[in-house]
Amino acid sequence: MSEVSKQSKPQVQGTASFSKFMNVLQAIADSPNIDITGLMNVVPYPRPTLYRLLSALINEELVMENGDRGTFKLGTRLISLAARARDEHDLRSIAHRHVAALRDTTGETVHLAVPSGLEMVYVDKLESPQNVRMISRIGTRVNLHSTSVGKAYLAALDSAVRENILAQLQLTRRTEHTITNLDQLRDELAQTQQRGFSLDWEENELDIRCFGAAILDCGGQPIGCVSVSVPKYRYDSIDTKLFQTAIRATVDTISKSL
């Protein structure tokens with residue numbers, strides 16, 4: 001589990017054992033086909049404890065062993081749980097046809113993301129019909145400071161809430177273009193507010209540029225974000241004003257639908 005994820009989850013009395021199971025499960029999700037030595041490097045538990053936790057997770061079909069290779073991967077039970085969670089996610093259900101229309105309008109990959117602690121999580125993705133596509137997938141967790149969905153979310157928050165989150169962020173450098181200075185990030189968020197959309201200028205992944213915008217609930221608070229991702233080599237040929245107008249119209253429509 002990332003350090004960001006750990007910091008964003010307060011401990012609840014009586015749930016220490018459950019947290020251990022979740023930490024092991026997250027470590028396996030983050031590193032498929034990890035072995036026991038790899039797990040010991042990620043989660044701070046002794047080998048006997050890890051084996052006990054793994055045995056319980058395997059019995060519940062949440063984790064599987066890779067034959068006799070001594071490595072582990074997520075279990076099949078999680079597939080049905082994830083599918084049910086995705087289908088029952090109200091925002092995804094409401095937004096899906098609108099983000100699909102945005103994908104069709106732009107011809108590029110579109111993501112729908114929701115906040116999760118100090119990160120964003122992709123809950124829907126519609127691929128570009130063009131040859132070069134992004135490797136992201138539903139369930140991917142991304143940083144707030146280096147992505148268009150993260151910056152759109154931060155910019156839409158009330159200032160006090162935003163400052164509380166900024167104080168907890170680790171401004172990890174993802175690429176040479178990542179903003180790692182807090183004052184510079186504040187300036188970027190102010191510009192995002194003025195524009196009505198955010199930009200990721202190869203800040204999270206080289207050769208990928210993104211537009212983002214926030215979906216607001218009835219109280220005007222951000223509950224999710226939409227992004228459009230464009231490979232760098234196609235960027236000069238797109239109509240940027242069309243993309244900017246389309247993504248703002250999309251989040252406005254979704255917000256009203258809520």
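## Packing of α11

The buried residues of α11 (buried: under 20% relative accessible area, 1.4 Å probe, protein chains only) pack against α6 (90-106), β8 (208-216) and β9 (222-231). Contact here means heavy atoms within 4.5 Å. Helices are DSSP runs of H or I with at least four residues, and strands are runs of E with at least two, numbered from the N terminus.

This is a predicted model: local features need pLDDT of at least 70, side-chain atom pairs count only at pLDDT 80 or more, and totals for chains, interfaces and linings use all residues. Residues are numbered from 1 along each chain, and side-chain values use heavy atoms, without hydrogens or water.

Phe243, Gln244, Ala246, Ile247, Thr250, Val251, Ile254 and Ser255 are the buried residues of α11. They lie on the same side of α11 because they cover an arc of only 170° around the axis, taken from the directions from that axis to the C-beta atoms. Exposed Lys241 and Lys256 (exposed: over 50%) sit on the face turned away from the buried side.

## The nonpolar cores

A nonpolar core is a set of buried Ala, Val, Leu, Ile, Met, Phe, Trp, Tyr and Cys residues joined through side-chain atoms within 4.5 Å. The largest has 24 residues. Leu102, Leu112, Phe211, Ile215, Val226, Ile247 and Ile254 touch the most other members. At least two residues each come from α6, β4 (109-116), β5 (119-126), β8, β9 and α11. Another core, of 21 residues, lies apart from it; Met120, Tyr153, Leu166 and Ile179 are among its members.
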